[in-house]
Each structure stands twice: as structure tokens, then as C-alpha cells.
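Here's a quick briefing to read with the model open in your viewer. Skim the lead, then jump to whichever topic you like.

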Amino acid sequence: MDRNNVQTLEACEVTERSGIAVLPFASTMSEAWDRFVLGHPAGSMFHLTAWKNALEQTFSYESRYLYAQKDGRITGVAPVFLIRNWIIGRALISVPMAVYGGICALDEPSVAALGAELQEMGTEEGVDFIDLRNRSGSLVPGFVSPKSIYVTFSTSLDPNHDVNLKRLPRDTRYMIRKGEKAGLEVRHGLEQLSQFYRLHAISLRRLGTPVFPKPLFQNLIAEFKGRADLMMVYAGSLPVSGVLSFFHRDTILPYYAGAAPEAGKLAANNFMYWQLMKFAVEKGFRKFDFGRSKLGTGSYAFKTQWNMQAESLPYRSE
């Protein structure tokens with residue numbers, strides 16, 4: 001018997017106990033899945049099927065997506081991948097390469113049903129651990145919330161640029177003006193991907209971090225068509241920094257960035273993120289999600305200089 005049939009039988013057992021069925025994702029329900037995510041306050045861009053599709057197209061990850069259903073209506077989703085490599089071993093992760101993820105559900109019974117099914121799946125797959133990257137919400141039964149080492153930063157955006165600028169600390173405003181005095185300019189356009197990828201690779205190598213394959217960015221841009229922006233900063237004709245951002249509801253999320261060695265002395269990153277804030281306001285976005293950083297890192301220190309709300313990420317593990 002294949003796994004889908006096993007899951008369907010298990011779902012029937014769950015239905016008898018609580019009225020909630022837990023079922024495996026099928027491509028025919030992509031639209032319904034995304035509609036649920038977009039309608040749920042905790043639904044992130046990483047819960048959407050676009051993220052799933054991009055990862056499947058780029059890597060050998062195996063998706064194990066589940067959803068909870070009651071009376072023919074989706075009540076929760078659990079996007080999860082089976083990951084196997086020599087670094088982490090064998091794990092179920094929700095969601096790989098994402099800062100947010102985990103179970104997104106309407107009620108506690110749906111959370112519990114999805115959590116229980118994930119635990120059973122973990123046992124069947126012989127995983128070393130299960131990682132649920134929930135941004136918020138109650139603890140999933142059977143999972144623990146270890147001491148958080150990650151913090152995410154965000155802020156609201158006022159329609160008035162001057163109001164947003166005045167919120168920033170004095171030192172950050174100084175660095176923005178430094179970039180402006182250096183004559184830096186920004187250009188938007190996904191056709192700049194090759195220049196961006198070179199800068200992104202430079203930045204990761206400088207940190208000793210493996211570089212993601214270029215098809216990842218190509219696939220993300222294709223899957224999030226109309227919901228992605230690539231902004232590059234130029235000193236004359238020289239690209240010195242860049243950021244690939246995604247749009248989700250009323251929020252802009254700058255997610256991948258890169259910078260040339262010259263960026264520091266030009267204050268290019270400060271200039272870049274301020275210009276991105278202005279761009280977001282002009283496009284009608286009202287929230288700026290600066291994303292996750294690990295405590296004690298340079299990225300964390302940089303984000304603390306923008307007077308944003310810092311939120312500890314209580315990931316769940318089992």
C-alpha cells in the first residue's frame with residue numbers, strides 16, 4: 001500500500017475521533033491551499049505553494065505537505081519537507097530556507113491533529129528531528145520550544161517618507177546621507193539577476209557560507225511572478241549592492257542581499273534599505289519585514305540600528 005493510501009486511512013481514523021481529517025497535499029488543491037494561507041493572519045509567503053514549487057525545482061527535497069479538513073473545509077496546513085544530508089542528518093523541516101513556517105491552522109484541534117500526524121510521519125521516516133518554524137501561536141502538542149537564537153525585525157511604514165526617516169536613529173540617518181552624497185543610484189528590474197547573483201555570492205563566500213545555485217533565484221522569481229522585486233545600487237556604472245524582495249499582502253520582505261567590497265565605505269547597504277522603504281511606500285505597502293537574524297551576528301547588529309520591533313522566533317522542535 002502506498003503512503004497516500006495509508007495517510008487516507010489514518011485520516012479516516014482521525015475523523016472518527018475529532019471530526020478533523022488530515023490528508024496529504026495534492027496538486028489539484030493548490031488554489032484552495034493558497035487561498036487558505038492568504039486568508040490566515042499567520043500565513044506567510046513561505047506557506048504558499050510557490051515556495052514549495054521553487055524548492056522542488058531547485059533541490060532534491062521531498063515535500064510532505066499535509067492539511068487538516070473538517071466538513072469539507074480546510075482548517076489548517078502544514079508545509080513540510082523531508083531533508084537528508086550529511087550536515088543535519090534526516091529531518092522534517094517546515095519550511096527549508098525560510099524564516100517562517102510551521103503549522104498554520106484555524107483552531108487548536110487542527111493544530112493538534114497536524115502535529116500528531118507529523119510525529120507519526122517522523123517515526124515512519126526515521127528522522128532525527130522535526131523543525132517547525134512557527135512565527136507565533138501556541139505550542140504544538142508533543143513539541144518543545146527551545147531557547148530562541150533568532151530574532152526577526154519589522155516596522156510599519158508611514159505614507160510620509162519624512163516620518164519614516166525621523167524614526168531612524170541619528171547614526172543610521174547619517175549613513176543614508178553618506179550614501180546619497182556618494183552619488184549612489186538605484187535601479188529596479190529582474191533582468192539584473194546576473195549582477196545581483198555575483199554580489200550575493202561574494203557576500204556569502206566572505207561569511208564562509210555555501211552559495212545557493214542561481215536556479216533557486218530564477219525559480220523563485222518565476223513562481224512569485226508579480227510578487228518579487230530586484231533592486232540594485234550603483235556607484236556610477238558599478239553595481240555595489242542589491243536586494244531581492246518579495247511581496248506578501250501589505251508587506252515587503254527583503255530576503256536575499258549581496259554587496260561588493262566597496263559597499264561599506266559607500267554606505268551602500270544603508271542607502272539601499274532606505275530606498276527600498278521609500279519604494280515600498282510608493283507601491284502601497286504598509287509593513288517592512290526585515291527578516292530573521294541570529295543573535296550576536298553582524299546581520300543582527302545591523303538590523304538593530306533601524307529602530308524596528310524585534311521579535312524572538314519561538315520555533316518548535318520534536
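Predicted model: local features only at pLDDT ≥ 70, side-chain atom pairs only at ≥ 80, totals over all residues.

Residues are numbered from 1 along each chain as its sequence is written, and side-chain values use heavy atoms, with hydrogens and water left out. Helices (H or I, at least four residues) and strands (E, at least two) are DSSP runs, numbered from the N terminus.

**Aromatic rings**

- The structure holds 26 aromatic pairs; rings of Phe, Tyr and Trp (its six-membered ring) pair if their centres lie within 6.5 Å, and planes under 30 degrees apart count as stacked, over 60 as edge-to-face and the rest as tilted.
- Trp51 and Tyr255 make an edge-to-face pair, with 5.9 Å centre to centre and 85° between the planes.
- That pair links distant parts of the chain, 204 residues apart: Trp51 is in helix 3 (residues 49–58) and Tyr255 in strand 13 (residues 251–259).
- Both Trp51 and Tyr255 are buried (buried means under 20% relative accessible area, exposed over 50%, partly exposed in between, with a 1.4 Å probe and protein chains only).
- Phe212 and Tyr256 are another edge-to-face pair, at 6.1 Å centre to centre and 75° between the planes.
- Phe212 sits in the loop between helix 7 (193–207) and helix 8 (214–223) while Tyr256 is in strand 13, so this pair ties together parts that are 44 residues apart in sequence.
- Phe212 is partly exposed at 26% relative accessibility, whereas Tyr256 is buried at 5%.
- One aromatic cluster takes in Phe46, Trp51, Tyr100, Phe196, Tyr197, Phe212, Phe217, Phe224, Phe246, Tyr255 and Tyr256.

**Charges over rings**

- The charged end of Arg187 sits over the ring of Tyr234, 3.8 Å from its centre; the test is NZ of Lys or CZ of Arg within 6 Å of the ring centre and within 35 degrees of the ring normal.
- Arg292 lies over the face of Tyr150, with 4.0 Å to the ring centre.

**Helix packing**

- Helix 6 (residues 170–181) and helix 10 (residues 268–282) have axes that come within 8 Å and cross at roughly 95°.
- That makes helix 6 roughly perpendicular to helix 10, given that angles under 35 degrees count as roughly parallel, over 145 as roughly antiparallel, 65 to 115 as roughly perpendicular and the rest as oblique.
- The axes are lines fitted to C-alpha atoms, for helices over the stretch in contact, and angles run from 0 to 180 degrees between N-to-C directions.
- On the helix 6 side you'll find Thr172, Met175, Ile176, Gly179 and Glu180, which meet Asn270, Phe271 and Trp274 in helix 10; contact means heavy atoms within 4.5 Å.
- Helix 3 is mostly covered, with 7 of its 10 residues buried: Thr49, Ala50, Trp51, Lys52, Ala54, Leu55 and Thr58.
- Those buried residues of helix 3 pack against helix 2 (30–39), strand 2 (62–63), strand 5 (81–85), helix 8 and strand 13.

**Two buried residues**

- Pro79 lies in the loop between strand 4 (73–78) and strand 5, and is buried with a relative accessible area of 0%.
- Leaving aside neighbours within four places in sequence, Pro79 is in contact with Trp33, His47, Tyr65, Ile93, Ser94, Val95 and Gly102.
- Ala259 is in strand 13, buried with a relative accessible area of 6%.
- With neighbours within four places in sequence set aside, Ala259 is in contact with Leu199, Ile202, Ser203, Arg206, Val240, Ser241 and Asn269.

- Most residues other than glycine have a negative phi, and most peptide bonds are trans.
- A cis peptide bond joins Ser94 and Val95, with omega about 10°; Val95 is in the loop between strand 6 (89–94) and strand 7 (104–105).
- Asp71 has a positive phi, near 55°; Asp71 is in the loop between strand 3 (66–70) and strand 4, and counts as exposed at 75% relative accessibility.
- Ala267 has a positive phi near 55°; Ala267 lies in the loop between helix 9 (263–266) and helix 10, and is buried with a relative accessible area of 2%.
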